[in-house]
Structures are given as C-alpha cells and as structure tokens.
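Dear colleague,

Please find below the structure that I am handing over to you. My notes on what was found in it follow directly after.

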Amino acid sequence: MKLLVILFLLVCVLVPCLAITSSKKEAGPQTVLILLGAPGAGKGTQAVRLSEKYGLPQIATGDLFRENLKNETEIGRKAKTYMEKGELVPDEVVLEMLFQRLSQKDCRKGYILDGVPRTIPQAEILQNYLTHSHADVTVLSLEVPDSMILERIAGRLSCEKCGAPYHLLASPPKKSGVCDRCNGPLIQRKDDTPEVIGERLKAFHLQTEPLKEYYQKKGHLVMIDGTVSKQETIAQIDKVLSTTPLFN
Ligand SMILES: [Zn+2]
C-alpha cells in the first residue's frame, strides 16, 4: 500500500513538476484561482466569467470527466469503471486527470479550478504541485447557506454539449433552452432534486469545507458573500482580484 502511494506521488507530482521546471525559464509565475463553495453556490458561473475576463482556462472536474470519457483515454476508462458502479471516483484518478490537463500549453500562465480540490488529501497533493510551479494562489470561498442553495437549485440548467451553467432566474440564456456559447441544448440535471442536493451538501460540509481552514492557514483564503445578487458577488470578487498584482 505504502509503495503504491509513493509510486502515485512520483507519477502525479514529480513528473509534472519536472515538466514545469524545464519550461519554467520562459514562463512567469502562474496565476491560480481556486473556487470553493457548496454545490449551487455559483462557482461555475463565476469560473466562466473569470476565465473570459482574465484569459485563463477554467478547469472543472465535470469537464475533465467528460473530455476523458469522450476521448476514451486510459484514465477515462478507469474513471468509468467507478462511475458505472455508482461509486465516487477516487482522489488519485481525479488528480491524474487534473495534472494531465494542467500540463497542457494553455495552462502555462495559470488557470481557474472549479470543483477541485474537493478533499484535504486532494488539496495536499495539489499543494506540492503548486509549490513546485511557483503558483500565485488565490482561493475564493463563495459563502451561501444551505437553505438558499436548495431554493436556487430548482431553476438550474446546464448545456448538454459544453457544460456551461445557467439559471432560469439568476442567469438565463439569451434564447430560452439554448446555450449562449455553443448553441447546445440546455438540460436540467437528473441529480438536481432536493434529496440529492441534501446529500451533496452533507458531503460538502464533511469533506470540502475543511479546505477553508487549510487555505486560511496558508493565507490564500478570501471569503465572498454569495447570498447577494450576482452583480454584487461579481463586484466583491473583482475588488479582491484588483489588489492581486497578477490580475492587473
Ligand atoms: Zn454550450
């Protein structure tokens, strides 16, 4: 078991780190934004907006799964075996997909992480990678109480083709039922029921919320009030990022 963990660390951390070290000379420091928040707190919406504003790729776990399954990669097939059994895809599989994605050219200047890391073990492995890539990290935590999340979920939609998030009231598409970005059809996710969301909120509080303390200790955490309007949330985030030199 111990040997397996060591092997995994070697593959996932050292190999990408070596790649970074060798390409480090021509690249400046990386700008890394990590979005934390409960499911339905608005991470996806903000990630899309910030990605466009700062020209950094948005990396969401859902997209990693979709791409790897679509391209039938080895790691995609591995993930599929867990998903088909209805099991959670293990940390090492998620991170292998993530590090493969981060080694791509468009991530050289930086990237926005949306939905990953999800657990403390994931955060710790990611931290090694970030330290080696001399990343300038900002963690935005979108704070929304569970009761409000349950209210919001009723109107949630996402693009079947590209995964872009919408909301019937808060961020409707320009044309009803059609994605602004790719013209794909908008669908309501099967797991957007109060029961399923309740379970996901429980998992969030148990597994993901401890990341706030983890990043606070590192001085990376910024709390954002996500209960206000979308415009006010955007204003808070932009104010925070305007004081971060790499975002100017
Ligand atoms: Zn789309």
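Two strands are said to pair if DSSP finds at least two bridges between them. By that criterion, five strands form an open, parallel sheet in the order 2-3-1-4-8. Strand 2 (58-60) and strand 8 are the edge strands, each pairing on one side only. From one strand to the next, the twist averages 25 degrees. Please note that this is a predicted model.

As to the overall content, the protein has 10 helices and eight strands. Of its 248 residues, 31% are buried. Among contacts between residues at least 6 apart in sequence, 71% join residues at least 24 apart.

The parallel sheet

Within this sheet, strand 1 (residues 30-37) and strand 4 (residues 135-143) run parallel and are joined by eight bridges. One of the residues concerned is Thr31, whose bridge partner in strand 4 is Asp136.

Strand 8 comprises residues 221-225 and includes Met223. Met223 and Gly37 are 186 residues apart in sequence, yet their C-alpha atoms are 10.0 Å apart in space.

The nonpolar core

In soluble globular proteins, nonpolar side chains tend to be buried together. Here, the largest nonpolar core has 48 residues. Those with the most contacts inside this core are Leu33, Ile34, Leu35, Ile112, Leu113 and Leu140. Which residues does Leu140 contact, leaving aside its neighbours within four places in sequence? Leu140 is in contact with Leu33, Leu35 and Leu36, and also with Val222, Ile224 and Ile237.

Strand 5 (residues 156-159) pairs with strand 7 over two bridges, in the antiparallel sense. In this pairing, Ser158 stands opposite Ile187 of strand 7. Strand 5 also pairs with strand 6, again in the antiparallel sense, over three bridges. The bridge partner of Leu157 in strand 6 is Tyr166. Strand 5 and strand 6 form a hairpin with five residues between them. In the turn of this hairpin, Gly163 has a positive phi of about 85 degrees.

In a regular strand, the side chains alternate between the two faces of the sheet. What covers the faces of strand 5, and which residues lie on each side? Both faces are covered: Arg156 and Ser158 on one side are buried, as are Leu157 and Cys159 on the other.

With kind regards

Technical notes. Residues are numbered from 1 along each chain as its sequence is written. This is a predicted model: local features need pLDDT of at least 70, side-chain atom pairs count only at pLDDT 80 or more; totals for chains, interfaces and linings use all residues. Helices (H or I, at least four residues) and strands (E, at least two) are DSSP runs, numbered from the N terminus. A residue is buried if 20 or more other C-beta atoms lie within 10 Å of its own, exposed if 12 or fewer, and partly exposed in between; C-beta atoms are placed from the backbone. Two residues are in contact if their C-beta atoms, placed from the backbone, lie within 7 Å. A nonpolar core is a set of buried Ala, Val, Leu, Ile, Met, Phe, Trp, Tyr and Cys residues joined through C-beta atoms within 7 Å. Axes are lines fitted to C-alpha atoms, for helices over the stretch in contact, and angles run from 0 to 180 degrees between N-to-C directions.
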